[in-house]
Amino acid sequence: MTPSIQDILTDLRSAAGTLPPMAKAFLVAVAVMLLLAVLAGVVLLGLAPAPATPPLNLTAGYDAGSIHLYHSGGTALSNRSFLVLVDGVDQTKNVTYAPPLQNGTFGPGSTMIIPVTAPVQGVSLVTADSHRTIIQSAYAEDFVLITPGAPWSMPFPPQPGSTVQGVQEPPHSYTPPTSPTPSAGFDTAAPGTVTVAAANSADPGKAQFRCTGTDDQVVINKALATGASVQLMDGTFHCSGRIVLPTRSVLAGAGTFQTIIEVKNSTDGYQPIDVSKPYVTLRGFSLAGQGFIRISASHVRVRDVYATSLGTDGVRYRSAGNGMFFVWADRQDLSDIEFYNCTAYDCTTHGFNMNQNFADRVPHAIQNTRFVFCYAALCGYGEAGNSRSEWTTGFDLQEMNDLVDCQVINCIADNNWESGFHFEPGDRVDDAGKEIGPATRTVGVVLQNCLSQNNGYRNTNPAHYFMAGYYVHKNTVLTSCRAVHNRNAGFFVQGGSNLTFEGCRDELSTYGWQVIKSSSRITLSNCTADHSRIWSLWASSTDNLTLKGFTQVSPGGARGTLAMLGWYRDEKKYQKPVTHSSFEIRTEGGGSLSAITQKGDGNRYTLTP
């Protein structure tokens, strides 16, 4: 046993009692020096940084029989300095390199090839002298499909502008059930109607206002200022500035694809259709180029509107708005807003976004909102693809704002850069991650009969994270929602609470459900994970997770199981057990792997082969 500082001082004090004065003085000096040395050692141990891991960047690709790790930059490594773990098993001896290593060094431009015979969940490089020091890890949701000719493969190694080789224009391949009828508009609020013709309208002589094809927003705003409902004729309106809707006004086109409002401004692209007054109706037109709708008032109806970042010239323009359909609580609560049969397609920003101005540090709620039969596809191309952000989603419905009574019914998200449907988990922080306000409130969110598919596969950002069908967090009910072929989880819960999934289904996503990082009170009732690429369920650091009537159909499995509990990438902060939970699981297929890892405290399992 190593003596403590107190023990040493006690022994010295005892010995000093028998010594002459000069010897005592010498002994005291020695004791002081010893004490200072020990304290200095403690301080140095506490302040000294842990040994740094080599900075490097690896990109992972996979095909039917191998994992490829491409070294795209950073420190070159001696191949004797690290081990290669595949799902935690050392596979270093099976590794080959292309081109062959020079001087035994794995450096930029080299590709490591690891043969595999089953689905792989994770590959890690760890230092040879200490398996606890992770150099870099890649997980199944990070892998790029590199099988030549496969529909969703991507050139390897992918570049920021790379795209998958699959179909880039997803059709409306899914028809939801009959949608609820739209809420009544506010047409009666604006007496009478005035007509505005585009420069290329078929019969402009019938219009009270006529546009020239340049700065057409000036004429449209004059028509709106009359107080009457404004009817835009067929044709293309070329705008360079805002269209501003007065209170109790209507702006209607001749039909979704008959009337096009194209916005272009090379100096300032932030030129929305500005709805900052209440009781406004928009319907029956398309937006193109830099155009988007910004709503910062209550009592608004938007129906049969199509928005795209593609201009009529075929060029994809960078959007300055935070969403093609953007609800912005600007220092006030908002209520009673509906989007019906609206489409965001091929966009450089979110399809639909709700957020608030938090500059005054005052929380505001967006409440009583409905999204019915809306569609968001091909939203986001990364910053290299002229998008304003690397985190673009189809429907991003909560960021800084409180969210109360939000219904999302019969909506589709397809092939978006990050998530399909996305709700941030509650922190109000600045760009540096500093907390700047109380956690957001989420109350009464309902998603029903929605579909989210193919999200995340185009994402080439090394920092990608979500890539999920549905990213939801609290006080939400999802009923009969489907997730299909999402790069990460079909249904992703992080730090979530009080969530119910009723009759939901995932097909072909990497993970069916992922529930992590201090989640609680999550219920899956009569849900199915069908042919998950890895696990039907991946949960850790979660309490009171209940699966009732859950069916897993032929998950790929990894690490010896079809569903994983407790493990989280060997990260101590998040790798905690699932507790006080109940698992009623029926398994169809899956081979010899266990149905689920039965780890945790206070859990009950009812497993049917």
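Residues are numbered from 1 along each chain as its sequence is written. The model is predicted, so local features need pLDDT of at least 70 and side-chain atom pairs count only at pLDDT 80 or more, while totals for chains, interfaces and linings use all residues, and side-chain values use heavy atoms, with hydrogens and water left out.

With a relative accessibility of 0%, S509 counts as buried; buried means under 20% relative accessible area, exposed over 50%, and partly exposed in between, for a 1.4 Å probe and protein chains only. Its C-alpha atom is separated by 4.6 Å from that of N486, which is 23 residues apart from S509 along the chain. Beyond the neighbours within four places in sequence, the contacts of S509 (heavy atoms within 4.5 Å) include V484, H485, N486, S532 and R533.

For the protein as a whole, the secondary structure consists of three helices and 49 strands. Along the principal axes, the C-alpha atoms fill a box of roughly 115 × 65 × 55 Å. Of the 609 residues, 55% are buried. Among contacts with a separation of 6 or more, 64% come from residues 24 or more positions apart.

Aromatic rings come next. The whole structure holds 38 aromatic pairs. Rings of Phe, Tyr and Trp (its six-membered ring) pair if their centres lie within 6.5 Å; planes under 30 degrees apart count as stacked, over 60 as edge-to-face and the rest as tilted. In one of these pairs, the ring centres of Y97 and F106 are 5.5 Å apart with planes at 50°, so the pair is tilted. F106 has 0% relative accessibility and therefore counts as buried. The rings of F352 and F395, with centres 4.6 Å apart and planes at 5°, form a stacked pair. This pair links distant parts of the chain, 43 residues apart: F352 belongs to strand β26 (residues 350-356) and F395 to strand β29 (residues 395-398). Both F352 and F395 are buried. They also belong to one aromatic cluster, whose members include F325, F339, W513 and F550.

Charged side chains meet rings as well. A charge sits over a ring if NZ of Lys or CZ of Arg is within 6 Å of the ring centre and within 35 degrees of the ring normal. The charged end of K517 is placed over the ring of Y574, 4.2 Å from its centre. R559 lies over the face of W567, 4.0 Å from the ring centre.

Finally, several backbone features deserve a look. A98 and P99 are joined by a cis peptide bond with omega of about -10°, and P99 is in the loop between β6 (96-98) and β7 (105-106). Another cis peptide bond runs from F156 to P157, with omega near -5°; P157 is placed in the loop between β11 (144-145) and β12 (193-197). N449 is not a glycine, yet has a positive phi of about 55°. This residue lies in the loop between β35 (442-448) and β36 (451-453) and is buried, with a relative accessible area of 16%. R521, also not a glycine, has a positive phi of about 55°. R521 is located in strand β42 (residues 519-525) and is partly exposed, at 43% relative accessible area.

Terms used. Helices (H or I, at least four residues) and strands (E, at least two) are DSSP runs, numbered from the N terminus.
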